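Biologist: Hi! Could you walk me through this structure, one question at a time?

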Amino acid sequence: MSNQFPSSRLRRLRQSESLRTLFQETEFSVNDLVLPIFVEEETSEYVPIEAMPGVQRIPESRLAFEIERYARAGIRSVMTFGISHHMDATGSDTWNENGLVARMARICKDTVPEMIVMSDTCFCEYTSHGHCGVLHDHGVDNDATLINLGRQAVVAAAAGADFIAPSAAQDGQVQAIRSALDEAGFIDTSIMAYSTKFASSMYGPFREAGGSVLKGNRKQYQMNPMNRREAVRESLMDEQEGADALMVKPAGAYLDVIRDIREASRLPLAAYQVSGEYAMIKFAAQAGAIDERAVVRESLGAIKRAGADIILTYFAMDIAENGL
């Protein structure tokens with residue numbers, strides 16, 4: 001045979017669907033996915049989120065119904081975000097044992113006990129200023145916020161949350177929450193840290209979903225999107241403080257960071273496909289520019305390929321109902 005033709009032909013393993021499936025290196029399933037949900041108190045109406053087609057605020061009175069629906073579809077885990085009508089300067093409703101944070105966890109666990117409930121632990125949806133903690137003249141007071149994060153974590157754990165998921169991006173938050181949980185007797189409650197959370201431009205639709213009143217930005221405490229080494233350092237610090245799992249947020253534009261952290265840590269690693277990523281896919285599909293089903297599955301596969309064990313995505317119900 002002439003040497004002008006290749007002897008190694010990688011396409012030999014691509015000749016049929018069966019061959020392609022047999023030699024596929026990366027797989028994911030609905031079991032790898034967490035569905036973020038938005039729950040609004042003191043309303044009976046579902047509220048469509050215009051910037052996130054297909055996503056709605058769930059009235060608290062319908063939360064049990066929705067959790068049952070998710071469970072029937074095969075969803076095993078949710079991340080709860082509350083839309084509060086009881087805002088104040090510190091977000092004190094979050095550590096009220098009968099407040100929205102507690103009620104969401106309690107309803108989820110009472111309705112489907114086997115559902116894994118991750119309680120987003122922050123203050124931005126509960127403060128009158130929209131920042132993630134106690135505000136003073138020069139920004140968010142890190143250490144005062146740590147005390148309140150511990151209070152919120154204990155209330156969520158007491159209500160049944162399986163995971164405390166601190167997203168406030170305060171230095172030392174994992175250590176403060178672990179100490180508060182242990183002192184309150186919740187030694188088995190896990191922490192999934194938003195350990196590498198960037199001050200991203202991709203959160204815009206989430207702010208509509210969560211009813212944010214934020215003016216300004218969170219760049220003083222969330223990470224610079226251009227910093228890769230610092231991203232690894234952030235996650236390793238949370239590991240040292242006692243996190244049970246780590247997270248990179250956003251996911252799609254930060255696959256390099258996911259890979260870096262995967263190689264630096266043996267902890268389970270989550271990645272959050274955020275509202276802006278979801279919206280871009282949805283609106284591009286509505287414009288006829290892409291095949292939504294194919295792009296959703298490719299994007300989630302890329303996040304898994306980069307090293308994420310768990311993916312938080314608003315497409316989780318699509319995967320559960322329509323498969324891969």
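Modeller: Happy to, and a few terms come first. Axes are lines fitted to C-alpha atoms, for helices over the stretch in contact, and angles run from 0 to 180 degrees between N-to-C directions. Helices (H or I, at least four residues) and strands (E, at least two) are DSSP runs, numbered from the N terminus. This is a predicted model, in which local features need pLDDT of at least 70 and side-chain atom pairs count only at pLDDT 80 or more, while totals for chains, interfaces and linings use all residues. Residues are numbered from 1 along each chain as its sequence is written, and side-chain values use heavy atoms, with hydrogens and water left out.

Biologist: Thanks! How are helix 8 and helix 10 oriented to each other, roughly parallel or oblique?

Modeller: Helix 8 (residues 255-264) packs on helix 10 (residues 292-306) at about 30 degrees, with the axes 8 Å apart. Angles under 35 degrees count as roughly parallel, over 145 as roughly antiparallel, 65 to 115 as roughly perpendicular and the rest as oblique. Helix 8 and helix 10 are therefore roughly parallel.

Biologist: How many charged residues are in the contact of helix 8 with helix 10?

Modeller: Contact means heavy atoms within 4.5 Å. Helix 8 brings Leu255, Ile258, Arg259 and Arg262, and helix 10 brings Ala302, Ile303, Arg305 and Ala306. Here Ala, Val, Leu, Ile, Met, Phe, Trp, Tyr, Cys and Pro count as nonpolar, Asp, Glu, Lys and Arg as charged, and the others, Gly among them, as polar. That gives five nonpolar, no polar and, to answer you, three charged.

Biologist: And why does the pair of helix 2 and helix 3 get its label?

Modeller: Helix 2 (residues 63-73) and helix 3 (residues 100-111) pack at about 50 degrees, their axes 9 Å apart. The contact is made by Leu63, Ala64, Ile67 and Glu68 of helix 2 with Met104, Ile107, Cys108 and Thr111 of helix 3. By that angle, the two helices are therefore oblique.

Biologist: Which residues have the most contacts inside the largest nonpolar core?

Modeller: A nonpolar core is a set of buried Ala, Val, Leu, Ile, Met, Phe, Trp, Tyr and Cys residues joined through side-chain atoms within 4.5 Å. Buried means under 20% relative accessible area, exposed over 50%, partly exposed in between (1.4 Å probe, protein chains only). Leaving aside neighbours within four places in sequence, Ile75 is in contact with Val30, Leu35, Tyr70, Met115, Ala316, Met317 and Ala320. The largest core has 95 residues, and those with the most contacts inside it are Tyr70 and Ile75.

Biologist: How far apart in space are Glu321 and Tyr70?

Modeller: Glu321 lies in helix 11 (residues 316-322). Beyond neighbours within four places in sequence, Glu321 is in contact with Arg69 and Ala73. Glu321 and Tyr70 are 251 residues apart in sequence, yet C-alpha to C-alpha they are separated by 9.5 Å.

Biologist: Is Ala169 buried or exposed?

Modeller: Ala169 is found in the loop between strand 8 (163-166) and helix 5 (173-183). Its phi is near 60 degrees, a positive value in a residue other than glycine. With a relative accessible area of 15%, Ala169 is buried.

Biologist: What is the omega of the peptide bond from Lys249 to Pro250?

Modeller: Most residues other than glycine have a negative phi, and most peptide bonds are trans. Pro250 is found in the loop between strand 11 (246-249) and helix 8. The bond from Lys249 to Pro250 is cis, with omega near -5 degrees.
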